[in-house]
Amino acid sequence: MIHPKQTRVATQMEIRLLKRLTGLSRSALNKTREILGAPAQEADSSTNSGAEETGAAAHEGDKPPRKRKRKASGKKARGPLIVPAGEHSVTRKQIGRSALKVLDKLHEAGHSAYLVGGGVRDALVGLKPKDFDVATDASPETIRALFRNSRIIGRRFRLVHVVYGREIIEVATFRAAHSKGEGGEVGKAGRIVRDNVFGSIEEDAYRRDFSVNALYYNIADGSIVDYVGGLADLEAGVFRLIGDPVTRCEEDPVRVLRAVRLAAKLDFAIDDKTLAAMKQVRGELKATPPPRLFEEVLKLFQGGYALRSFHAVREQDLLRYLFPLLEKRLKAGDENLVSMLDAALTNTDRRVAQGKPITPAYLLAFMMWPDIEEQARQDCVAGMSVNDALMAASDSVLSTQLRVISIPRRFSGPMKEIWLMQPRLERLKGGRALRLMEDRRFRAAYDFLCLRSTIDERLQASAKWWTRVQTLDEEKRIDAAASRPVVNDIWPDKRGQAGADAVQDDADDDEGPTETVQGAKPKTASDKPPRKRRRRRRRKPGGENGSSGPSTPPAG
């Protein structure tokens with residue numbers, strides 16, 4: 001005798017086989033199940049899809065349909081495209097250890113955890129990911145409680161920095177449109193003033209800027225989630241803004257620079273509508289805070305694709321918003337300047353590819369050098385020494401540039417040193433010349449001289465000498481320094497060689513006794529003016545209110 005449960009299992013197996021062979025409609029399948037004594041299909045939890053879907057799958061070689069997830073907002077648009085692990089190129093091995101720690105800990109705590117943005121994009125196109133941003137449904141306060149090595153930052157855009165030594169992982173809560181809550185605010189010009197309206201992952205995807213930056217890697221199952229067609233744009237090699245392009249550019253005009261930079265990095269084209277919006281809104285970059293523009297300049301020229309970025313910025317007529325003085329010279333048709341810039345940017349890209357360090361001071365120095373050199377020469381003709389002329393020109397050009405992009409002193413100081421060392425590298429001989437190699441800015445200043453020699457033949461002999469002398473031993477260096485080729489016709493200062501001597505450091509006094517005028521006493525250490533003593537600030541005495549006695553609680 002057959003047990004009733006065994007009869008039910010046999011009936012279900014028959015129905016599955018019948019579905020696979022005939023592709024019956026839902027109503028016909030239910031009627032057949034009723035005849036055979038099985039429950040209707042709607043009550044059968046073992047069946048995962050209707051007969052029509054199964055019949056379609058049979059015609060397609062019985063391949064399972066691509067996994068899809070319905071959108072939570074109820075819009076008519078289709079749900080997200082979910083690409084399972086193994087069908088894309090992103091793996092856990094490509095994600096940094098610190099980012100993995102953050103993702104895994106959020107997932108273990110019961111929260112959604114996704115890698116999003118540039119890290120996913122670069123891994124999908126075959127580049128080594130460098131930026132690891134995390135998106136989650138946990139609030140900033142919850143994230144802060146999970147990670148003791150974290151801090152909440154930002155007022156306009158609140159997120160959490162999880163710190164691992166020198167590495168910082170940014171963790172952001174899913175955000176919704178600015179109009180859906182009290183945490184969002186848009187200014188009169190269309191710019192985002194506050195962006196702290198939290199929402200779902202779908203809302204977060206539509207709030208992001210470019211479609212290729214809105215791809216999510218789910219740490220739970222290793223799948224890629226795409227709500228906005230980013231995967232299709234990656235395959236087509238196109239950068240496209242999500243939503244209305246003009247509105248998105250007005251929200252943050254820096255997106256114009258980001259589009260140019262990322263398109264140059266990936267060698268992508270820019271969508272026509274996005275490009276038209278960029279041209280319409282690019283004038284708003286004038287009102288962008290100089291510190292933000294400085295950050296974008298560093299990203300443009302330090303990522304290993306500086307040459308492509310520079311030409312893309314010029315092509316889109318954006319250089320005037322970053323380096324207006326340089327733009328005027330290039331528009332005037334200075335071909336020598338173009339050659340010098342191309343050589344400098346190519347060398348920068350080569351050093352990045354080789355893993356060698358680069359400094360923003362060097363990159364910014366050659367951007368402003370043509371104007372400094374021209375103004376300094378004019379001051380030299382007027383009677384100023386080359387040192388004073390370069391100092392005055394540096395201050396003048398920097399003050400103009402700082403109105404556009406802010407350059408921190410840790411970079412502007414070395415830039416001035418590089419500029420001031422140029423006449424010394426051109427003119428000094430003997431021990432004074434050799435001592436320049438001990439200067440901390442010598443390498444950058446020497447590279448700068450070699451760069452200038454590519455467009456000025458008068459500097460080529462001097463640049464070759466500096467290249468050769470660095471390979472000689474000490475004795476041969478001294479002999480070579482006494483007869484080195486010098487360049488005296490670059491700077492029209494009236495003092496000639498004395499102009500170079502005037503810029504030498506006080507360390508030249510260490511060469512030993514110098515010639516003195518007959519009858520005059522040689523200077524000694526005691527003749528030097530006394531060093532000015534630095535006044536120390538007095539510390540306030542201890543105590544809660546600055547009093548020396550013990551602090552006492554207030555009366556009452």
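**The open sheet**

Modeller: Valine 163 has isoleucine 168 of strand β6 opposite it. Residues are numbered from 1 along each chain as its sequence is written, and side-chain values use heavy atoms, with hydrogens and water left out. The model is a predicted one, in which local features need pLDDT of at least 70 and side-chain atom pairs count only at pLDDT 80 or more, while totals for chains, interfaces and linings use all residues. Helices (H or I, at least four residues) and strands (E, at least two) are DSSP runs, numbered from the N terminus.

β5 and β6 are antiparallel and are joined by five bridges; two strands are said to pair if DSSP finds at least two bridges between them. Two residues separate β5 from β6 in their hairpin, and in this turn glycine 165 has a positive phi of about 65°. β5 is also joined to β4, by four bridges in the antiparallel sense. There, isoleucine 153 has leucine 159 of β5 as its bridge partner.

These pairs belong to an open sheet of eight strands with mixed pairing, ordered β1-β10-β9-β2-β3-β6-β5-β4. At its edges lie β1 (81–83) and β4 (150–153), each of which pairs on one side only. From one strand to the next, the twist averages 30°. Helix α4 (residues 97–108) packs on the sheet and touches β2 (113–116), β3 (133–136), β5 (159–164) and β6 (167–173). The direction of α4 makes about 35° with that of β6; such axes are lines fitted to C-alpha atoms, for helices over the stretch in contact, and angles run from 0 to 180 degrees between N-to-C directions.

Strands of a sheet pair through backbone hydrogen bonds, either parallel or antiparallel. In the sheet order, β9 lies between β10 and β2. Three bridges link β9 (residues 215–218) to β10 (residues 224–226), with the strands antiparallel. The β9–β10 hairpin has five residues between its strands, and glycine 222 takes a positive phi near 75° in it. β2 and β9 likewise run antiparallel, joined by three bridges.

Buried here means under 20% relative accessible area, whereas exposed means over 50% and partly exposed lies in between (1.4 Å probe, protein chains only).

Apart from neighbours within four places in sequence, threonine 173 is in contact (heavy atoms within 4.5 Å) with Thr136, Asp137, Ala138, Ser139, Pro140, Ile143, Phe198 and Asp204. Aspartate 204 is 31 residues from threonine 173 along the chain, and 8.7 Å separates their C-alpha atoms.

The chain as a whole sets the sheet in context. Its secondary structure comes to 23 helices and 12 strands, and 43% of its 556 residues count as buried. Of the contacts between residues at least 6 apart in sequence, 63% join residues at least 24 apart.

The chain has a mean pLDDT of 79, with 71% of its residues at 70 or more. Confidence is highest in β9, at 97, and lowest in helix α3 (residues 51–59), at a mean of 37. The pLDDT is below 50 over residues 41–77, a stretch that has 52 contacts in the model beyond near neighbours in sequence. Residues 183–194 also stay under 50, and the model has 33 contacts for them beyond four places in sequence.

Notes:
pLDDT is the predictor's confidence in each residue, from 0 to 100.
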